[in-house]
Amino acid sequence: MKVTVDRRDALDAGADAVVSALFERGEKDDTFPRSLAREDTACRGLLTAAWKRKELRGKRRELSVFHRPDGRGRLVLIGLGPRARFDAETLRRAAAEVVRGLKGKGARTVAFRLPSFAVDSFTPEAAARAIVDGAALGAYEFVKYKSTTEGGVEEAAVHLGEELVRDEAIVKKAVVDELALVDTVVWTRDIANLPADTATPERLAEEARGLAKEFGLKVTVFDEKKLAEMGCGGILAVGSGSSHPPRMIVLEYPGGARRGRTIAVVGKGITFDSGGISIKPGPRMAEMKFDKSGAVAVLGILRAAATMEVAPRVVGVLCCAENLPGGSAYRPGDVVRTFSGKTIEILNTDAEGRVVLADGLAYVVQQYKPDEVIDLATLTGAEVVALGDDTAGLVSTDDRLAQGLLAASALTGEPLWRMPLTDFHREMVKSEVADVRNSTEISVAGMLTAAAFLETFVGSTPWAHLDIAGPAYTNLLTRKWQPAYQNSGATAFAVRTVVRYLESATTRN
Ligand code: BES
Ligand code: ZN
Ligand code: ZN
């Protein structure tokens, strides 16, 4: 989506729809909000009339559309809920409600009246950023396979008007910066939404090569032959049942700062997770095309790091394989030897994410000696049970890194919740026949035993694990409770948060 900043008042600009906001009206609140006076004049009193009839209540998600009697398009009012609870996330959701509400209704351009959103201590630039997020992400649709589409909002403008025109430079800078990031989020969603017949491990490698070429990154693709030479038995085992061979892909962004840190980002890239021999039940299995979301997020993070020129050096690793049953598939009882030399007893072929990550994590730690490692994975159903479909689980061995990610998440509105890792979990993944086992076969702390397993392959490097099984995509059962800007199949969750974290990580301590 195109988003521009305009000095004029939105009401004078000639967009298909002008957007203003109102807070929730109190019980005994009979005075029409002063902030909507100009809007009311432009609509020749339609708003005050609606207010008197109690049609305007300002509740969250309440969308009221007025046709301007002067014939200059529509005026849209979006409810923000209680004033005391107003924050960036409310505004992101409100902007998304607007563009989604206008879908298929012939409004191609919208003009947000910024003074109506930048209220109290909320700065104009923070409001503008939230509008960019909500509008651009809310308008997103995966249309690649549709022969017809409804047609929605294509251009948004953030209008300063007289009240805010002095803030033009700072608002412009915020919009350009935010747009660069959401543009990458949209790009990431388009890949994460691809079905498994198309988004094979080799296709993800092609995407990485394309990125490398466009942004001057270094790329290395390890095919099945090379993986065998390197001893990456984990990725090979998981991919062995599929006719689409596995790949480990490494992308490197050199970093903008001279004494910058090296941060490694490792993603689970299961292009389809049928469960393998420990096959999953049929219902909702189609969702497992999203099991590559961690790896695809790594592509997005590298793309944003390069376009936004963040300070640290960033090494991205994508651990890609398709998990299918078949005559050559790996099986329960197998023992696989991984890159680090450590062995894994396979008890459940459906706990495959940790098996591919074992190789990727150990590889990046040994090869690049990063200052910190972050992994992203749709790793466990237990994460969804614990935290729901909107929140990712965070496990970290390093308080500073964990705090940094939580601070970034507070900025982006992508919820993270830190969970503990104790010796109890570490004991649970020990095996009788190998160094570790990939499943405990009891449903106790499933998200945390998975994390304990991964920790074995990271060693002492400061590490954070993001289990994004819940928020990586919106499913049909819970989508109605998701914010409108995440309602799109793949969400590209964690791209915005990790990139903001990278921006906060400047030089070595
Ligand atoms: N890809 C799944 C986890 C998942 C579940 C992601 C639901 C998104 C939504 C993962 O590979 C898996 O199947 N994990 C098993 C592990 C178990 C066998 C130890 C699980 O969570 O049930
Ligand atoms: Zn699985
Ligand atoms: Zn999986």
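Which residues coordinate the zinc ion (ligand 2)? In this predicted model, the zinc ion (ligand 2) is coordinated by D273 (OD), D350 (O), D350 (OD) and E352 (OE), at 2.0 to 2.2 Å. Donors are N, O and S atoms within 2.8 Å of the metal (3.2 Å for Na, K and Ca); water is not among the atoms, so sites may look incomplete. Along the chain, these donors follow the spacing D-x76-D-x1-E. D273 also coordinates the zinc ion (ligand 3), which is 3.2 Å from the zinc ion (ligand 2).

Ligand 1 is surrounded by 17 residues, the closest being K280, D291, D350, E352 and G381 (a residue counts if one of its heavy atoms lies within 4 Å). This shell comprises five nonpolar, five polar and seven charged residues, where Ala, Val, Leu, Ile, Met, Phe, Trp, Tyr, Cys and Pro count as nonpolar, Asp, Glu, Lys and Arg as charged, and the others, Gly among them, as polar.

A nitrogen atom of ligand 1 lies 2.9 Å from a polar side-chain atom of D291. Oxygen atoms of ligand 1 lie 2.9 Å from a polar side-chain atom of E352 and 2.6 Å from a polar backbone atom of G381. Of the 520 Å² of accessible area (Shrake-Rupley method, 1.4 Å probe) that ligand 1 has on its own, the protein covers 78%.

Residues are numbered from 1 along each chain as its sequence is written, with chains lettered from A and ligands numbered from 1 in the order written. Local features need pLDDT of at least 70 and side-chain atom pairs pLDDT 80 or more, while totals for chains, interfaces and linings use all residues; side-chain values use heavy atoms, without hydrogens and water.

Definitions and conventions: Polar contact = N/O pair within 3.5 Å; in protein donor to acceptor, adjacent residues only side chain to side chain.
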